[in-house]
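Subject: Structure for your review

Dear colleague,

Please find the structure below. My notes on what was found in it follow directly after.

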Amino acid sequence: MSYSGHILPPCRWQYCAIQPALPLWKQIIEEDHRRFIIPSNMASRKSSSKRQANKDKYSVLLPTYNERENLPLIVWLLVKYFGESGYDYEIIVIDDGSPDGTLQVAQQLQGIYGAHRVLLRPREKKLGLGTAYIHGIKHATGNFIIIMDADLSHHPKFIPEFIQKQKEGGFDVVSGTRYSGNGGVYGWDLRRKLISRGANFLTQVLLRPGASDLTGSFRLYKKEVLEQLVDRCVSKGYVFQMEMIVRARQLGYSIGEVPISFVDRVYGESKLGGNEIVSFLKGLLTLFATT
Amino acid sequence: MTKLLEWLLGVSVVVTAWGLLTFDLLDLKVPQVYREVVWPMPVYLLVVFGCYSIATVGYRVATFNDCEEAAQELQAQIKEAKLDLKKKGLKF
């Protein structure tokens, strides 16, 4: 009775595996490559003088899960702003087995922008954010690591500012902040703003961390500093980002801040429910008692 | 020293000072007027801190920047990116 096989929709992975179009899009991309070879060479020559003076390389880690809509856009924006500012970079996509085919899109992007710019380091299933960073760092060739969300809430236009800030002060960590200067948010209602500000105030009072945005995850780290921090951090979710900054202070690392505008998820939904608040408070108290 | 210990230390210093003055434990012969001022002090401090907290959070919520322009810029760039990527052969 193979009836059930007809009722159950085939999973997306199977779809992709039997898609005959796979070699076709590769062909398209290769053709495209040939077409773009001249302009890309010219572009690299133009900025080579800037690059020679500056051997720093920036590895952007993008942990993804079901971001097939957002990933091409974020990669496009990264390429745009890194291209304009002339810094050397690579984008490492760490996809945790997204069922929506994020990895396939990432492969296409690799075809478009080249394997030295877009690196794919997928994992089989959803494992924590901390381990995604460890996984990404292992494969990163840059001496600086940039961590950001792939859902477009963090805009790559701020990255040159992060880099500038880092160079100015020689900081170990540069953190984006929604809470000071021209920083801000878009798409938050009053309730969300109140919870965010309240949680931030409570954290500032209890932990005195010396950074204004603790739960944000748009940051630039020196590679060895990030390695140290990830090793020591045990929390999950929002608290993980907070722990990273608190531990950084504890270990005596310097922290610079750049105001950023946070535009809440364009595609997909962001959640802030009771569960998040409870786990945030638990994490906060844990840090309070242990750091 | 953890933040918890720092807090406990701070609180115990304040409580000790308050206890010494209010109950005159060291026999300092603190004038009655001072004692009357000191004994409700913890409550005053709490109320002041509460007001400060509410005022600060309220002010910060009220002045939280709404990045309307950033959102519009992003939308425009998304359109541009989609067009460009389609041209480069990306299948969404």
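In which segment of chain A does Thr291(A) lie? Thr291(A) belongs to the segment after α12 (274-290) of chain A; helices (H or I, at least four residues) and strands (E, at least two) are DSSP runs, numbered from the N terminus.

Before going further, please note that this is a predicted model, in which local features need pLDDT of at least 70 and side-chain atom pairs count only at pLDDT 80 or more, while totals for chains, interfaces and linings use all residues. Residues are numbered from 1 along each chain as its sequence is written, chains are lettered from A and ligands numbered from 1 in the order in which they are written, and side-chain values use heavy atoms, with hydrogens and water left out.

Thr291(A) and its surroundings

Thr291(A) is buried, at a relative accessible area of 8%; buried means under 20% relative accessible area, exposed over 50%, and partly exposed in between (1.4 Å probe, protein chains only). Not counting residues up to four places away in sequence, Thr291(A) touches Val246(A), Arg247(A) and Gln250(A), as well as Met1(B), Thr2(B) and Lys3(B) of the other chain. Contact here means heavy atoms within 4.5 Å. Val246(A) is 45 residues from Thr291(A) along the chain, yet their C-alpha atoms are separated by 7.8 Å. A polar atom of the Thr291(A) side chain also lies 2.8 Å from the backbone oxygen of Leu287(A).

On the side of chain B, Lys3(B) is found in helix α1 and counts as buried, at 16% relative accessibility. Apart from neighbours within four places in sequence, Lys3(B) is in contact with Leu206(A), Leu207(A), Arg208(A), Phe288(A) and Thr291(A).

Helix α11 of chain A

Val246(A) and Arg247(A) are among the buried residues of α11(A). This helix covers residues 237-250, 14 residues in total, and reaches 20 Å from its first C-alpha to its last, close to the 20 Å expected at 1.5 Å a residue; the expected span is 1.5 Å times one less than the number of residues. Ten of the 14 residues of α11(A) are buried, so the helix is mostly covered by the cut-off used here. Just after α11(A), Gly252(A) takes a positive phi of about 80°.

The interface of chain A and chain B

The contact takes 49 residues from chain A and 36 residues from chain B. Between them the two chains bury about 3,800 Å², 65% of it on carbon and sulfur atoms; buried area is the accessible area (1.4 Å probe) that two parts lose on being put together, summed over both. In chain A, Trp76(A), Arg197(A) and Phe201(A) lose the most area to chain B, together 19% of what that side buries.

Across this interface the rule finds three salt bridges, a salt bridge being a side-chain nitrogen of Lys or Arg within 4 Å of a carboxyl oxygen of Asp or Glu. Glu73(B) forms a salt bridge with Lys157(A), with the closest N and O atoms 2.4 Å apart. The largest share of the side of chain A that touches chain B, eleven residues, comes from α9(A).

Chain B and its annotations

Chain B has four helices and zero strands. Of its 92 residues, 27% count as buried.

UniProt (unreviewed entry) annotates residues 7-23 and 43-62 of chain B as "transmembrane region"; UniProt positions are given in the numbering used here, feature names are shortened, and annotations may be inferred rather than shown by experiment. In the model, residues 7-23 are 100% helix and 0% strand, with end C-alpha atoms 24 Å apart. Residues 43-62 are likewise 100% helix and 0% strand, and their end C-alpha atoms are 28 Å apart. The same record places a "coiled-coil region" at residues 64-91 of chain B, a span that is 71% helix and 0% strand, with its end C-alpha atoms 39 Å apart.

Two backbone angles

Most residues other than glycine have a negative phi, and most peptide bonds are trans. Asn66(A), not a glycine, has a positive phi of about 55° and is partly exposed, with a relative accessible area of 33%. Asp24(B), also not a glycine, has a positive phi of about 50° and is buried, at 10%.

With kind regards

Notes. A polar contact is a pair of N or O atoms within 3.5 Å; within protein, one must be able to donate a hydrogen and the other to accept it, and residues adjacent in sequence count only if both atoms are side-chain atoms.
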